[in-house]
Each structure stands twice: as structure tokens, then as C-alpha cells.
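Dear colleague,

Please find the structure below, followed by a short account of what was found in it.

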Amino acid sequence: VLAEKRSLGSRDGPPHLVVLVPLHSRAVGHDTLRLLQSQDSAVVRMDEGRAGGFALLCPRLKQRWRFVTAQAGDLHAVLDLAKVADSLLFILDAADGWDSAGEHCLSCLFAQGLPTYALAVPGGTDLPPKKRIDVRKKLSKAIEKRFPEAKLFPLNTEQESSLLLRHLATQKQRHLAFRDRRAHLLAYAAEFVPGQESDLVGTLKVSGFVRGQTLDVNSLVHIVGHGDFQMSQVDAPPDPLSLNPRVVKGQKRNQDMEVQDDSANGTDEMEEDIKVLMKADPNKQESLQSEVVPDPMEGEQTWPTEEELQEAEASLKANSRVVKVPKGTSKYQAAWIVDDGEDGSEKEDDDDEDDDIDDDMMEEAVSQEGESGEEEEEPAEEECETMTVSECLLDDQYDEKVEEDEQMLERYKQERMDEMFPDEVDTPRDIPARVRFQKYRGLKSFRTSPWDPKENLPRDYARIFQFQDFSRTRKHLFRQIEKEETEGASVGWYVTLHVCNVPVSVMESFKEGKPLVLFSLLPHEQKMSVLNFLVRRHPSNSEPVKAKEELIFHCGFRRFRASPLFSQHTSADKHKLERFLRPDAALVVTVYAPITFPPASVLLFKQRSNGMHDLIATGSLLSVDPDRIVVKRLVLSGHPFKIFTKTAVVRYMFFSREDVMWFKPVELRTKWGRRGHIKEPLGTHGHMKCHFDGQLKSQDTVLLNLYKRVFPKWTYDPHVPEPVPWVRSESTLPVEEVDME
């Protein structure tokens, strides 16, 4: 612990990266930055990439910091910087603490994983001393829920800023598991070199300090928000934030200068002193292949060999017979000619019997079609009714917002119906139930009945990768990271990475002031598979979220869009599908996505029509397992018509005799706990006699459960649009209290 604390921000380690996060519209970070820059015997160097960022070098304390400001409204920037920050410095308002945008920002940061933090409160000096004490007590009480036992640091003088810096340097560091096992860096400078074929794609030279683990040039890097890329080489330019800068011969230095600027002679020195640390080896370099290219002919019959053809001809000659046929008869016609030696009398008798059976079956089918036709015609007349259509529905200038409200109301109704009658559906009248539900099956016991995980897999499963033993592979990789020393750029080195085939949009976003964050990938983390996340509904959102809706995922260091499945979290081998994201229970979310080794946090967002992102659920990565069986349950309901001691006549579950016979093997149950089975159909209108383990009540409902395995949709998209800044409102109340009011 001491060695880690001493290396952070020292001469041998990377600079102490502090990210300033204003949590209120009135808490502007300019005054805070100015106070932090005014340290005695400190050297300030302004950042080239980001406005408002600077480095602070203190040779007397043998410490160096890098300060970067993130706006609370820019959600992606805050989350990306928090992924690599050593410390977060929250800037609070002296009166209100944080507003609604700050509350949303804190919810996302806590769900992603909060590094070491400190709370600073600038301002408040214009208040009278007694009022100042009351405001401070009120603020301390307001932050107790989010930050228990946290200390508030006033930030109005240089002495108070020195105390804050000392606290940041000496406090114990909190670890985030997903970044401690991977090399990562925040870009200090970047340069784009266009490629020979196109100006839109080229090599991106990213300079920064290596953190976390040793960086290997043969591994892949993930640029957060942009995708996975390969590296061609790693350079070692001079450290721009060195505590003891080298003196170049023939160059006069001004010893009284406290504020230095890198733009004067930095580029010339870097070009002279750049050393190539390592170049990528094509034989050892990780591939960018993320999917398996399926072979459509795999599993088909191969072309027979010469020996197999000869064996087939020999067997054909052995089984052939000589038959007298008229001249000009083909081989196909000759095969149908009966030899004189064969006895044809028995064959004719059998044919007559088959013809009689066929005639009887045809007459029965025609009579059943007539009966079913009469059945279907009667309810058709009953279901027809006249409706008066309002003219406002036909108005072309109908308000779009009202249409959205109608859609939301329909979702609320569906969610309410699913809570009241889980998985129940109406049996269709226009098509037979045995056709409509032909992909479903009955199970004797949902918990113990077997289900083969390799049965009837979709075509998308041919594109993904699967581990023979995922947990064993994960343990082996993590053990290698802890024990073996990999060759590459060590932690604390200032390096320049040459990232190949990068689109120019990455450089454009860096020029706009957005952070450029890189993570090295562990083996196999670029490959697609089926990921399962364990999430819980966030209390700030109560809108219904249906399964297979497009959501935005923040998983560890990745961002992507996908349409997930929701299922129950149980210890069984089968897991029931949930049609909506439940607010009262933890659910498992299943998607196609690149492999990520847990532990890793996950945040689920839903994009509004205006572009804002709402946080709907938070959790963690559960497993990477394509064999996890998610089963959709479907419940058909019927009502007892006549009740006897242990038997009953049930109607309205089916509407044809054939459907009753088709589903006869499936076990029945009732809402009041009775179990039974179908004995026989009665008539042709779908009535059936059922036997139960006890007498039914007249108000009971008979249910029949059917099951089908479901798979997620392949809608993975690594490009996530930037969210619209959160609308601020003055509030420091907790989320639950705001919702109740």
C-alpha cells in the first residue's frame, strides 16, 4: 500500500490524474483551477488537448498532478474520464450541494464504480459567519446519503487549496477491478497521419502515460466510443511533465520562470529524442476478427469417393432382376412392371382395403371441415360490430406528443396486464392452436425436465465464439497477469502509440475537447459471444421497458447498443423470460456483444425522442455463456363448464377437437393449485373432459403451460450517439423523495 501510494504522482509513476466534476450549475471550476494553479514553488503547464486542463509540478514535494475538467452535463465525457481517473474532485454549491443533473451524474458514477474522491465547496464567503455555519451544517446533512463520513473541503484561499492537494496525495486509493487488470491511458497529445488510400482513415499517434498494467504492442487497444484497433509500434518521446527536465546544451534556460509552455520547443525536442520501444510482430499480434464466418455447406453430404461409387454399382447389379418389357421402355418405366412370377392377387386385395380406408378418411375430413366452418362462421357474425370513429383521430395535424402519450399508455396497459395475468394469451380462432403454437412444448416440471442446450440453435450462433470452460480461462488469464511479467511499456512511462486504421472522426472529437481514452484488450475480448448481465431497476425511472427494445449499454470500458432479453435470475438450468423489466427484482439481461472478462459494471440507458439518455438499470457482468437457456412461457386458459367430484368439463381453452387431441399429453394446472390432465374431447367445439386431483371451484381457472426457447436479436451496434445534456433543476433531495412528491 505504501509503495503504491508513493509511486502515484512521483517521478517514476504516472502523474496523479484528478478530474474536476462540477455538480451544480453555479459551481464553476474556473476559480478552483485558478486557486490550484497558485501554489508556491509549483510549475504549471497548460494542456494542449483540453481547454481548462493543466499539469501541476511540485519539485519540492516531489509530486506532479494533472487536472482535467469534465462538465456534468456531458455524460459520456464524465464516465470516460472516471474510468481512468485516480481521483475525482466534486465541486459542490455552497447552498444547494448539487442539482438534478449532478444527481443523475452521481447515479451513473456510483453504478460504474467510483474511484477515490474528494468534495470541495468554493464560495460562501459573502454570507455572514452565523449564516455560513448553518449553510455548512445543512450541506453536510444533505450529502450524508451519497457520501457517508465524507469531509467537506472549503476552497476559497491558497492555504485551503494546499490542504486539498495534500489530502488528494495522501488518501488511500480505491481500486476499479476492470481497469487494474488492463493497461489504459488518457491521451495527453494526439496526431493523425492520413493513410495512402484515403484521407478518412489513417494512423493515430496517441501520447500519454501508461497506467494499470504493462502495455504490449501486440495486443489490441479499444478507443472508448470508437472501437477496437491494432498497434504498429510504440515510441518513447521525452516526458513533458518531468520533475527534473533535462538541460539541452547550447540552450539558455530562465531559472526564474515558473509557468512553462510546451508549444515553444517541445515538438523539435520530441522529433530529435523519440526512441522506438517496440514494433508489432505479425506472428504474435492479436487478430481483429470478431465473428466466425459460417460455412453454409458445413454438415452437408460430401461427394462420394471412387470406392464408394464402385460399391454402389456392385450392389445395384446384385439386386437387379431381368424383366421382359416392350421395346422402347425406359428404366424408370421398367421398374414399375410386375414380373409374371409375382403373385398379384394379395396385392390387389390390399389396394382395395387401402382405397376404402382413404375414402373413409376423406369423408371424415370433409365432414370435420364443414363442422369447423360452421363453428367459425357463427362467432364471426357475433364479433362484428359498428363503431363510431372520432374525426380527431383522422386529423392530419394531430399532435405528435399526444401520439407518444398514447403509445406510453399502451405500454403501461401491457405491463399491467402482464402483472395481473403473467404469460397468458388468448387462443386464436382463425388458425388452429396446434399450428399457432407448433414451436412450443410441454414440460412435466420446469425445474427438473431436461432441455438440450444445443438443440435448434439459430443461425447467429454460428457467428459467435464459446469457451469450453469460461471460468477456468478467466482464472488462467488473471493468474498470468499477476505472476508473469509481460514485455512492453511499463506503468508510468510516457509513450506514443501508433494505432492503425483509425477513422479521422476520432481525431476530430479529440480536437473538440472530448477525452480520448484507450484500454488494452485481454485475449479474446474482441470476439463476439452471448453476455449475461445481472441488473436491477434504477429507482429514478419508472417507465415500462419491454424486452427486445433497443437500449444503450455501458459495460466496463465499452459502449454499445443492443436489444436484450430479460430473464429470471435462478440457480436452475432453465430461466423464464420476462416480458418487462421488473422494478422489484434483479433480472438477467442477455445480448450478443464482445467478450468481456468480469468483474465489470454495466449501466443501461434508454434514449428519449429528444436525444437524452435515461438511466434505467445498473448491475454487473454475470457470465459469458451461450448455453444459458432462456425459456418463454405461454399460458392458455380455460374455464370449468360442468364440475364433478374429480372431473370437470372445460371450455374456451381450445376451439376444435383436433387441438384437444394434440395437447392431450400436456399436464394441466389451476390458479387454485389443482393438477390434472385431459381425458378426452367432447364434441367438435373444443370442450374437453379433464381429470384433477380434487374438486374444482366454480371461480377457478384451468391453465396449460407451453414453453419455447428464445434467443436475443443480433442488433449489436458499437456506435452510440452523444446524449443531449441533462436539463438542470434546483434540487438536492434524494431520488426516492422526489418521486414520492
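Leaving aside neighbours within four places in sequence, which residues is Ile-143 in contact with? They are Leu-92, Trp-98, Leu-119, Pro-148 and Leu-152, where contact means heavy atoms within 4.5 Å.

Please note that this is a predicted model, in which local features need pLDDT of at least 70 and side-chain atom pairs count only at pLDDT 80 or more, while totals for chains, interfaces and linings use all residues. Residues are numbered from 1 along each chain as its sequence is written, and side-chain values use heavy atoms, with hydrogens and water left out.

Ile-143 is among the residues with the most contacts inside the largest nonpolar core, which has 45 residues. Such a core is a set of buried Ala, Val, Leu, Ile, Met, Phe, Trp, Tyr and Cys residues joined through side-chain atoms within 4.5 Å; buried means under 20% relative accessible area, exposed over 50%, and partly exposed in between (1.4 Å probe, protein chains only). The largest share of this core, six residues, comes from α3; helices (H or I, at least four residues) and strands (E, at least two) are DSSP runs, numbered from the N terminus.

Ser-529 is found in strand β19 (residues 528-537) and is buried, at 0% relative accessible area. A polar atom of the Ser-529 side chain lies 2.8 Å from the backbone oxygen of Phe-465.

By contrast, Lys-62, in the loop between β3 (54-58) and β4 (63-69), counts as exposed because its relative accessibility is 61%.

Yours sincerely

Key: A polar contact is a pair of N or O atoms within 3.5 Å; within protein, one must be able to donate a hydrogen and the other to accept it, and residues adjacent in sequence count only if both atoms are side-chain atoms.
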